[in-house]
Structure formats: structure tokens, C-alpha cells
Amino acid sequence: MFPILLCYSLCLMMIIAAFGAVYVKNLTSAVIAAGAISLAASLLYLLLAAPDVAMTEAAIGSGLTSVVFLYTLHLIKKIDEGDDD
Amino acid sequence: MIKRLFVLLAVAGMAVILIPFVSGNGAGDALNNVAATYVEDAPRDLGTMNIVTAVIVTYRGLDTLGEVLVLFIATAGVGFLLKKRREGDPVQPPSEILSTGGMILMPLIVLFGIYVFSHGHLTPGGGFQGGVIIATAFLLAMLSARRLPIYSGLLTWIESVSGFAYLAVGVLGLVLAGGFLDSRLLPAGRYGSLLSSGTIPLIYTFIGLKVGTELVSILDKLRSNQ
């Protein structure tokens with residue numbers, strides 16, 4: 001019973017984080033919310049007995065993609081402010 | 001108003017389409033034919049403990065080659081769009097905790113990444129996961145030491161050599177064993193030992209090095225443009 005409840009609460013958390021990623025005003029917070037979706041998804045994969053996919057999702061989805069998005073966001077902001085070519 | 005109605009209708013239509021997938025396809029009790037064949041054949045023919053790895057590297061090896069190619073093209077695109085610059089003044093120096101902790105943790109994370117890709121045929125994980133773990137270790141090092149030098153020439157060299165070696169092992173499988181990327185090129189070895197299941201550890205080592213160096217070079221290009 002407990003793993004099922006955990007699965008459903010993870011799904012709920014993913015939906016809430018997805019709404020947060022779309023509706024939040026601050027773009028940095030949106031990137032973090034998108035990373036939270038991946039983190040919950042990787043836990044879900046682990047509970048569904050798919051550790052290989054869980055590792056990929058945790059490392060790429062919530063780790064590296066967030067960092068690449070944050071770097072890119074910073075770069076775009078810098079270009080918008082005009083101190084880049 | 002009418003636009004919102006259409007959006008709601010589209011979402012409702014998607015939900016109706018997805019209902020059969022949710023209600024009909026529960027977790028089955030038995031494996032289907034393909035999965036049963038993989039589960040029975042992989043330990044016997046290839047000697048892998050982790051059947052997922054057997055599917056990824058050998059049975060569906062061509063798909064994995066496609067994935068590696070996609071990642072390579074993505075890296076090339078990033079390198080094409082972002083030109084390399086070396087100056088970039090640090091916004092604020094990293095704190096004492098971050099710089100010390102990062103430097104202690106970084107070799108351990110690299111070691112874990114190497115473990116993940118070299119044990120891909122025994123435990124969960126493999127080349128892609130190990131490579132990404134190594135890239136996150138280098139990310140931590142980049143954050144904890146702003147001036148950390150990344151030798152992009154060395155990265156490119158490792159990437160090219162491992163990509164070429166991956167393809168060479170695949171072609172050797174075509175010539176000496178059953179087909180392209182056939183892992184029975186080397187003997188299957190003792191079931192469960194590190195040097196077993198043919199060329200799978202070799203291929204995963206090349207994939208791990210290739211993925212790791214590609215991601216590190218993406219991160220380095222993004223960082224040096226900040």
C-alpha cells in the first residue's frame with residue numbers, strides 16, 4: 001500500500017511543479033521547478049523498478065539540464081542588457 | 001474566451017485518448033514474447049547480469065549509436081554557436097566551503113562515474129549515466145574553482161578517439177562475430193565478473209568517455225561565455 005501512495009504523491013508533486021514551471025514569473029524559479037519534475041520522475045522510475053532510467057533522469061534531467069538552462073538564461077540576460085556583442 | 005474554450009477542449013480530447021492506456025494496460029503478470037526472449041537469452045548468450053545493458057548495447061546497439069550521434073551533433077551545434085573566449089571576470093569568488101568541499105568531492109564523483117560505466121553489464125547504469133556523472137563532477141570543480149583550466153584540445157581528442165573506437169568495435173563485430181556491434185567478439189567470461197560479457201564493458205567505457213567529454217565541453221563553452 002505504501003509504495004502506491006508514494007507513487008501517487010510523486011505524481012501530484014510532478015503536476016504541481018509543472019504548473020509552477022509554467023506560471024511562475026521568475027525564470028530562474030521556473031528552471032528549478034522543471035528540475036524538480038525530473039527529480040520526482042526519477043524517484044518514480046526507481047519505485048517502478050527501473051533503476052537504469054532513474055539514474056539517467058536524475059543525472060541529466062534534474063542535474064545537467066538545469067545547469068545548462070541556468071547558464072543559458074544568464075547569457076541571454078547579459079546579451080539583452082547589451083554588454084555583449 | 002473562445003480561445004480558452006478550444007484549449008480546454010483539446011486537453012479534454014487528449015484525456016479521452018489517454019484513458020485506454022491508463023485503464024487497459026496495467027502492470028502485466030507475464031513478460032511478452034520479446035521481453036521473455038531477452039530475459040532468457042541475454043545471460044546465456046552474452047553473459048550480462050543487467051539485461052537492460054544487453055538490450056541497449058547489443059540487441060539494440062544501432063539505436064544507441066544513433067543516440068551517441070545525436071549527442072555529438074548537439075555538442076557540435078553548441079560549439080558552433082558559442083565562440084570560445086577565455087577572459088570573463090568572476091562575478092564573485094566561491095566561498096571557502098564550496099571550494100574546499102568541491103575539491104574533496106570531485107575525484108570521488110569521477111571515481112563513481114567510472115564505476116557506473118565500467119560495471120554497466122553487472123549493475124544498473126552504463127555509459128550514458130557514468131558519463132553524465134563525470135560531467136557533473138567537472139561542473140562542481142568549475143563552480144568551486146572559477147579559473148579551473150579545461151583543456152578543450154584534450155577533450156576533443158578523447159572524444160574523437162573513443163567515438164572512433166566504438167565504431168571500430170562495431171565493425172569488428174560485423175567482420176568477426178554475428179553482426180554490427182555484436183558483443184560476442186570476446187569470450188563471455190565468467191558470469192558476474194568484471195571482465196565478462198564480451199565487448200560490452202569496452203563499448204560502455206568508450207560511450208562513457210565520449211558522453212562525459214562532450215558534456216564537459218558544452219559546460220566549459222557555456223561557462224567561458226558568461
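The model is predicted, so local features need pLDDT of at least 70 and side-chain atom pairs count only at pLDDT 80 or more, while totals for chains, interfaces and linings use all residues. Residues are numbered from 1 along each chain as its sequence is written, chains are lettered from A and ligands numbered from 1 in the order in which they are written, and side-chain values use heavy atoms, with hydrogens and water left out.

Over all chains there are three aromatic pairs, where rings of Phe, Tyr and Trp (its six-membered ring) pair if their centres lie within 6.5 Å, and planes under 30 degrees apart count as stacked, over 60 as edge-to-face and the rest as tilted. One of them joins A:Phe19 and A:Tyr23, whose ring centres are 6.1 Å apart with planes at 10°, so this pair is stacked. Both residues belong to helix α1 (residues 2-23) of chain A and sit four residues apart, about one turn of the helix; helices are DSSP runs (H or I, at least four residues), numbered from the N terminus. A:Phe19 and A:Tyr23 are both exposed, a class that means over 50% relative accessible area, with buried under 20% and partly exposed in between (1.4 Å probe, protein chains only).

The rings of B:Tyr38 and B:Tyr59 are also stacked, because their centres lie 4.7 Å apart and their planes at 25°. B:Tyr38 is in helix α2 (residues 33-46) and B:Tyr59 in helix α3 (residues 51-59) of chain B, so the pair ties together parts 21 residues apart in sequence. B:Tyr38 is buried at 16% relative accessible area, whereas B:Tyr59 is partly exposed at 27%.

How values were computed
Helix = DSSP H or I, 4+ residues; strand = E, 2+ residues; numbered from the N terminus.
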